[in-house]
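Take a look at the chain below. We will walk through a few of its helices together.

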Amino acid sequence: VGAGFGRDTSVNMSTAGKVIKCKAAVLWELNKPFSIEEVEVAPPKAHEVRIKIVATGICRSDDHVVTGALVMPFPIILGHEAAGVVESVGEKVTSLKPGDAVIPLFIPQCGECKTCLSTKGNLCSKNDLGSAAGLMADGTTRFTCKGKAIHNFLGTSTFTEYTVVHETAAAKIDSAAPLEKVCLIGCGFSTGYGAVLQTAKVEPGSTCAVFGLGGVGLSAVMGCKAAGASRIIAVDINSDKFAKAKELGATDCVNPKDFKKPIHEVLIEMTGHGVDYSFEVVGRIDTMIAALASCQNNYGVSVIVGVPPSAQKITLNPMLLFSGRTWKGSVYGGWKSKDSIPKLVADYMKKKFVLDPLITHTLPFTKINEGFDHLRTGK
């Protein structure tokens, strides 16, 4: 689901250095609707940029904060999958300038921490996923509403007409790219596609299973197809999602509700020995274990892509792993964000993959609650 802010990509340079008053969707407390409010957005400090958001996607991870499954401080401005235009920059910013088209990055790339310097990972230590402080690097926020400081979400906060991010958390992209489509490269598409190509490194001829056919799961299906998988089994309890999964490359579609036996047994029977790769793109404990059990018992690889609920723990039989399976997690599809996101946008512009099928609805920003209703009902 995309929330459109209008297609206006022009920026007013005269606002530089001043507080901007604009509309934002503020979440004041748990399990309440978003409230469209006038907020004040402070100018960017050193190494920060202020971005005019043109389009933002709605992601299940945002909803996890609404329900409390992902614990964050309130009040907060959510949103982390977007595209926009730089309105102004703080001092010492070198990689971006006003007028640049950008995608905010919920996993930054500082280029200096141990992970950024390693070729093996992408989870920059400057991320706000683990600490959930809801603040900028200096321990403050750039948002105020009704005299109250409003927390930031994952260093991005895109459910607002203007946001401020650290320079390492925005990637400059092709200015000709349609922002209302490439905003999906800010999270959903990159996460699913990269889990397959970057994290699992699926080889041609492999058999794959994808659990969960939301936007991220469908992007994983596209990744499996791009990797040359010979069989792509799409699993979801909502059969309405199967037509689109097949359109994007799924060879088989399975609804666990159609079987009396556990779904991992069904997949083992379908393939003879389990799949080579499985992807859990739901964020549920039971599907994580089912995805692990459904992959080949010795060299199968299962990747957790969905955000796990904060308070829950997994209990499993260690024989599932002792026999040789690999269990991995993948954040942001394993991409080094600032380096990779512009390349993915370039690939999209070269028609190497499609994004249109992932966009089910386009709504005006003020109807953001309606967008979340569509998410929650599987539409």
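Helices (H or I, at least four residues) and strands (E, at least two) are DSSP runs, numbered from the N terminus. The expected span of a helix is 1.5 Å times one less than its number of residues. This is a predicted model, where local features need pLDDT of at least 70, side-chain atom pairs count only at pLDDT 80 or more, and totals for chains, interfaces and linings use all residues. Residues are numbered from 1 along each chain as its sequence is written, and side-chain values use heavy atoms, leaving out hydrogens and water.

Start with helix α5, residues 215–226. Its 12 residues reach 16 Å from first C-alpha to last, close to the 16 Å expected at 1.5 Å a residue. Is α5 enclosed or open? Nine of its 12 residues are buried, so α5 is largely enclosed by the rest of the structure. Buried means under 20% relative accessible area (1.4 Å probe, protein chains only). Among the buried residues are V216, L218, V221 and M222. The cover over them includes α4 (188–200), β12 (207–211), β13 (231–235), α6 (242–247) and β15 (277–280). Just after α5, G228 takes a positive phi of about 85°.

Now find two other helices, α1 (residues 60–67) and α11 (residues 368–376). Their axes, lines fitted to C-alpha atoms over the stretch in contact, come within 11 Å and cross at roughly 100°. Therefore α1 and α11 are roughly perpendicular to each other, a label for angles of 65 to 115 degrees. Contact means heavy atoms within 4.5 Å. R60, D62, D63 and V66 in α1 meet F372, L375 and R376 in α11.

Technical notes:
Axes are lines fitted to C-alpha atoms, for helices over the stretch in contact, and angles run from 0 to 180 degrees between N-to-C directions. Angles under 35 degrees count as roughly parallel, over 145 as roughly antiparallel, 65 to 115 as roughly perpendicular and the rest as oblique. Buried means under 20% relative accessible area, exposed over 50%, partly exposed in between (1.4 Å probe, protein chains only).
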